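The following exercises concern a single protein chain. Please study the sequence and the structure before reading each solution.

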Amino acid sequence: MRLTPAAVVLALLAGCGFQLRGQAQLPFETLFIPGNTPLAVELKRNVRAASTTRLVGSPGEAQAVFGLTQEQRDKIILSFNTAGRVSEYQLRYRVGFRVTDSKGGQVYLPTSEIQLTRDVSYSDEQVLAKEAEEQQLYRDMQRDMVQLILRRLVTAKPVQPQIE
């Protein structure tokens with residue numbers, strides 16, 4: 001009797017198509033990601049952990065080179081309270097990137113841009129707490145950005161060389 005509810009739950013999960021994320025199948029054997037920015041470090045860590053693609057130390061050794069074209073954080077006022085003070089901000093995190101071969105001639109993934117936004121309330125009485133919340137939201141957006149970049153990298157299509 002105790003196993004019946006568990007069996008029903010397992011049958012429903014199997015029937016809905018649920019499956020764990022698993023490894024990302026990047027279409028490159030080797031990849032070079034330049035820089036030591038927090039985004040680049042997080043991206044390198046995720047590529048190592050979630051794919052079979054090997055990271056290399058120089059662009060000359062790589063089948064593909066990830067290039068960061070822009071990384072920008074913005075804080076925009078969304079609303080004011082009745083006293084004319086800011087009551088809400090919108091945090092924006094924008095990243096542009098492209099993937100080419102080691103010489104830059106073959107483009108595997110054209111220049112793409114991803115933008116994430118988060119709304120955050122603000123209070124003059126809680127300045128330190130709101131600054132900490134803002135930093136935490138930017139860190140969360142960076143983690144989300146890395147996952148979105150990985151999903152885009154999976155869709156990159158390297159052109160196979162013609163054999164004559």
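**Exercise 1. The nonpolar core**

How many residues does the largest nonpolar core have, and which residues have the most contacts inside it?

*Solution.* The model is a predicted one. Step 1: the largest nonpolar core comprises 32 residues. Step 2: within this core, F66 and I149 have the most contacts. Step 3: the elements that contribute two or more residues to the core are α2 (38–50), β3 (64–80), β4 (86–100), β5 (107–121) and α3 (127–154). Step 4: α3 supplies the largest share, namely 8 residues. Step 5: leaving aside residues up to four places away in sequence, I149 touches L43, F66, V95, F97 and I114.

**Exercise 2. The sheet**

Determine the order of the strands in the open sheet, and identify its edge strands.

*Solution.* Step 1: the open sheet is formed by 5 strands, in the order β2-β1-β3-β4-β5, and the pairing is mixed. Step 2: β2 (54–55) and β5 each pair on one side only, and they are the edge strands. Step 3: β1 (residues 30–32) pairs with β2 in the parallel sense, over 2 bridges. Step 4: for T30, the bridge partner in β2 is R54. Step 5: α3 packs on the sheet, where it touches β3, β4 and β5. The direction of α3 makes about 155 degrees with that of β5.

**Exercise 3. Two packed helices**

Describe how α2 and α3 are arranged relative to each other, and state which residues meet.

*Solution.* Step 1: two packed helices are described by the angle between their axes and the distance between the axes. Step 2: for α2 and α3 the packing angle is about 55 degrees, and the axes are 10 Å apart. Step 4: the crossing in which α2 passes α3 is right-handed. Step 5: from α2, the residues P38, L39, E42, L43, N46 and V47 meet Q142, R143, M145, V146, Q147, I149 and L150 of α3.

Conventions. Residues numbered from 1 in each chain as written. Predicted model: local features only at pLDDT ≥ 70, side-chain atom pairs only at ≥ 80, totals over all residues. Heavy atoms only, no water. Core = buried A, V, L, I, M, F, W, Y, C linked by side-chain atoms within 4.5 Å. Buried < 20%, exposed > 50% of the residue type's maximum accessible area, 1.4 Å probe, protein only. Helix = DSSP H or I, 4+ residues; strand = E, 2+ residues; numbered from the N terminus. Contact = heavy atoms within 4.5 Å. Pairing = 2+ DSSP bridges. Axes fitted to C-alpha atoms, helices over the stretch in contact; angles between N-to-C directions. Left-handed = near helix turned anticlockwise from the far one by under 90°.
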